[in-house]
Amino acid sequence: KRMSRFVRQSSYRHVFGTQAKRDDSYDQIKVTRSAWDTDKVAASTELFGCIWEAGGGGAFVVKPYSQTGKGTPNPPLVAGHKATVLDIKFHPFNPYIVASASEDCLVKIWQIPEGGLEGDNLTEAVQVLKGHRRKAGTVQFHPTANNVLATSGADYDLHLWDIEEGKKVLTVKGHTNIIQSTSWNYDGSRMVTTAKDKKVRIFDPRQEDSVAAFAGHEGVKGMRSLYCGKRDLIMTVGFSRSSDRQFYLWDPRSTEKPLHRTNIDTASGMLMPFYDEDTNVFYLAGKGDGNIRY
């Protein structure tokens, strides 16, 4: 009993990450240096993609998981945007379809060949979504409805699209500053967003107005949010007034104050939250950090 006071009571207290050997890693990936705060990387069951540091226009690389090792410094790219790509996401029901958002105000849908790209760059998208008046910043596929995509941009608008028809089905108003993150809940009945006005907003995808809006982190730097699977809780990451990095856990049914709050450190990089539904584990990766917390 005495020892139990000093031992961390967790099913994962003996789990530690180990860096893969170089032959099992993915080398020669030129990750974008864009200051826009998105994940830069996305994955499906067959492929993963990474936003590329392109000299002109915007591009991202897509690779199958089997292509480990040194690789080539000039792989074939998905290169159809006229400005920097800011976000990419794979289709939840088709591992070879990926959406990209760009500073050129366009969102494009791409069909990747099975096995990945070979030879020339892919420059022709299967669908082009035009609707944002300023740069398009995030893309999020609906988790249960096929071919439904949410996009947000620097025009303060959140759009829902039918990507098969290439049509906008809903525009959500109410943000008063640039939208920084979007996240669907487990069944797609709600979406949570964060914006530069320091507000967290919850939306019903069938309505144009927010269901709830509440104050998030007090710091002037960026803030992001994430729905926690079937638990239906919301995690936000951001900065305190004194620039401490922190995360909050919220009950969306009662948003007067967070259920839990933790200050992490005083580093300046934006935190990126991830949640594993199968193990109920949070992962926090900081921009510029050399570790991943869980």
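Strand E13 contributes the most to the lining of the largest pocket, with five residues. The model is predicted. The volume of this largest pocket is about 1,200 Å³. Its lining comprises 36 residues, and those closest to the centre are Lys89, Gln140, Phe141, Ser183 and Leu226. Six elements are listed here by name: strand E1 (41–43), strand E5 (85–90), strand E9 (136–141), E13, strand E17 (224–227) and E21 each give two or more residues to the lining. By class, the lining of the largest pocket holds 16 nonpolar, 15 polar and five charged residues.

Ser183 deserves a separate description. This residue belongs to strand E13, which spans residues 179–184. Ser183 is also among the residues closest to the centre of the largest pocket. Its relative accessible area is 6%, so Ser183 counts as buried, the cut-off being under 20%. The Ser183 side chain reaches the backbone nitrogen of Tyr227 at 3.2 Å. Leaving aside residues up to four places away in sequence, Ser183 touches Arg190, Met191, Val192, Ser225, Leu226 and Tyr227. Of these contacts, Leu226 is itself one of the residues closest to the pocket centre.

The second largest pocket has a volume of about 360 Å³. Asp39, Val41, Met272, Phe274, Ala285, Gly286, Lys287, Gly288, Asp289, Gly290, Asn291 and Ile292 form its lining. Two or more of these residues come from each of E21 and E22. The lining of the second largest pocket divides into five nonpolar, four polar and three charged residues.

E21 and E22 also belong to an open sheet. Three strands make up this sheet, in the order E21-E22-E23, with antiparallel pairing. Strand E21 (271–276) and strand E23 (292–293) are the edge strands, each pairing on one side only. Strand E22 covers residues 281–286, and two bridges join it to E23 in an antiparallel run. Across this pairing, Ala285 stands opposite Ile292 of E23.

Rolling a probe the size of a water molecule over the atoms shows where empty space is left. One cavity of 30 Å³ or more is present in the structure. The largest cavity holds about 50 Å³ of space. Leu158, Leu160, Val172, Trp184, Met191, Phe203, Asp204, Pro205 and Gln207 line this cavity. The cavity lining consists of seven nonpolar residues, one polar and one charged. Met191, one of the lining residues of the cavity, is also among the residues that Ser183 touches.

Most residues other than glycine have a negative phi. Asn147 has a positive phi, near 65 degrees. Asn147 sits in the loop between E9 and strand E10 (148–153). With a relative accessible area of 15%, Asn147 is buried. The phi of Asn280 is likewise positive, near 60 degrees. Asn280 lies in the loop between E21 and E22, which are neighbours in the sheet order. Asn280 is partly exposed, with a relative accessible area of 38%.

How values were computed. Residues numbered from 1 in each chain as written. Predicted model: local features only at pLDDT ≥ 70, side-chain atom pairs only at ≥ 80, totals over all residues. Heavy atoms only, no water. Pairing = 2+ DSSP bridges. Helix = DSSP H or I, 4+ residues; strand = E, 2+ residues; numbered from the N terminus. Buried < 20%, exposed > 50% of the residue type's maximum accessible area, 1.4 Å probe, protein only. Polar contact = N/O pair within 3.5 Å; in protein donor to acceptor, adjacent residues only side chain to side chain. Contact = heavy atoms within 4.5 Å. 1 Å grid on protein atoms, 1.4 Å probe; cavity = no way out; pocket = protein on both sides within 12 Å on 5 of 7 lines; lining within 4 Å. Points joined across faces, edges and corners; volume = space filled by probe spheres on them. Nonpolar A, V, L, I, M, F, W, Y, C, P; charged D, E, K, R; others polar.
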